[in-house]
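Hi,

Here is the structure I promised to pass on. Have a look at it first, and my notes follow below.

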Number of protein chains: 2
Amino acid sequence: MEMISQNKSFGGWHKQYTHRSDVLNCDMRFAVYLPPQASAETPVPVLYWLSGLTCTDENFMQKAGAQRIAAELGMAIVAPDTSPRGDDVADDPAYDMGKGAGFYLNATQPPWSSHYRMYDYVVEELPALIEATFPVTQQRAIAGHSMGGHGALLIALRNPQRYSSVSAFSPITNPMNCPWGQKAFTAYLGNDRLQWAQYDASGLMAAAEHKLPALVDQGMADNFLQEQLKPEMLEQAAQLSGYPLQLRRHDGYDHSYYFIASFIEEHLRFHAEHLF
Amino acid sequence: MEMISQNKSFGGWHKQYTHRSDVLNCDMRFAVYLPPQASAETPVPVLYWLSGLTCTDENFMQKAGAQRIAAELGMAIVAPDTSPRGDDVADDPAYDMGKGAGFYLNATQPPWSSHYRMYDYVVEELPALIEATFPVTQQRAIAGHSMGGHGALLIALRNPQRYSSVSAFSPITNPMNCPWGQKAFTAYLGNDRLQWAQYDASGLMAAAEHKLPALVDQGMADNFLQEQLKPEMLEQAAQLSGYPLQLRRHDGYDHSYYFIASFIEEHLRFHAEHLF
């Protein structure tokens, strides 16, 4: 593991690292924000942030304004990349397939299956590395935006013992039934919809037994709302299982980081309630 | 003038516009943040933000996290571009000359003199347009970063009647005596150092009669500190004229927006004290 940049931020440190990922079979970059409280004597819990299509580890750290609140609360934030990377990693010219579009799943179909295992990377390999390297506890929360909101929800729903809480901005809630999800799942997982179901947040939530506190924010001026995101599907799933989902709709807000920045403080305080 | 984007942000609106600039003889883009309080009945004051080398109107709006505080205080923010733009505007392959490097001056030398008049644009043309278009008052403050810190200081020092207060992050304080400034001034203004002096913040501050509240923050891990920025020159100038300069040095912080984001709240509150 090699540190490639560091910036002091609100008394703590934003750092970027590269490391070899055995799971993804390539070199990966991630970013971490360590609040000023983090030390060997006082390790801090970690919020994992999963970004959306086309993003890297940088978008959230540069644009969300989360460090101010993380520094106040004493919470680390880890932002992985959104797909495997490198010259020998399969790619596609479309923005919603291949690099920058890993969809937080384990691909089973060639040419994707040799690298695209973001599910295992985010659930297992990255937290193990983080917890062995930095002054953090094993208390974890998870959040994300759009494709990363889908990732945060499905990972929390399938691993409720590993997280204290989950939140999402503008998530793809029902990828089995929207164009982005159907395109990605067909390519990465093949045509068997039983395989797809293990990565569908609405389906998983409808069947959930072990329930986590869950907060979802959705802007009502989001261009992707009706065709791709479909928060009503997640809402219906929560009603089916009695899931404690807090879904909030915000007039006028769009799909951008201007929306995320406007409400990220409430997400961090929500996670802090359950992490500490 | 044409609006090209808008994003709801902390209850207000971030908007980008293009317009024809007569002063610069080209089309220009700027960004404005209008807080929720701004209306024809309750116009708000304006903070002008001048960005640094290579930036556009977008860097500050995306990365500084200022909208949260502007929304609380009821302050608009206007971020112009850093140079004239367009295919017929002279340029240079270096990052510190030509497009993205207007240095907030009126060029007198060809090929720059036909477009590079950022001083007049920021002091006169842009505020006139803003005040004729948006629900704002004629109360103004000005701030900036690096080359934009230089711009904010020199513009405030030469036009103290137009601004309530001035602040800067990591400003080029004495461009007559640093490589960035000497290169730009030679190209844009020629070899007459008397022409240079009207754009040198330290020289202007040393001779200032009408004094504005001034706040400067400088990170001590800034790679440009000793060769380009030289805050000690501004400090000496303030001592000569008794200028009310508050210069703060911050251990560990660098030249990036992570530094700006960490202290922008204090800058907005500083300006609010003098604007309202």
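In this predicted model, chain A and chain B meet through 23 residues of chain A and 23 residues of chain B. The area buried between the two chains is about 1,900 Å², and carbon and sulfur atoms give 50% of it. On the chain A side, the residues that lose the most area to chain B are A:Lys8, A:Gln62 and A:Tyr258, which together make up 37% of what that side buries.

As for polar interactions, ten residue pairs are in polar contact between chain A and chain B, counting pairs with both residues at pLDDT 80 or more.

Where does the chain A side come from? Strands E1 (2-9) and E2 (12-21) and helices H1 (58-63), H2 (67-73) and H10 (257-275) of chain A each supply at least two of its residues. The largest share, five residues, comes from H10(A). Sorted by class, the side of chain A that touches chain B holds seven nonpolar, ten polar and six charged residues.

I also looked at helix H5 (residues 179-189) of chain B. Its buried residues are B:Trp180, B:Gly181, B:Ala184, B:Phe185, B:Tyr188 and B:Leu189. Viewed down the axis of H5(B), these fall within an arc of 110°, so they line one face of the helix. Just after H5(B) comes B:Gly190, with a positive phi of about 85°.

Best wishes

Technical notes
Residues numbered from 1 in each chain as written. Chains lettered and ligands numbered in written order. Predicted model: local features only at pLDDT ≥ 70, side-chain atom pairs only at ≥ 80, totals over all residues. Heavy atoms only, no water. Contact = heavy atoms within 4.5 Å. Buried area = accessible area lost by both parts, 1.4 Å probe. Polar contact = N/O pair within 3.5 Å; in protein donor to acceptor, adjacent residues only side chain to side chain. Helix = DSSP H or I, 4+ residues; strand = E, 2+ residues; numbered from the N terminus. Nonpolar A, V, L, I, M, F, W, Y, C, P; charged D, E, K, R; others polar. Buried < 20%, exposed > 50% of the residue type's maximum accessible area, 1.4 Å probe, protein only. Arc of directions from axis to C-beta.
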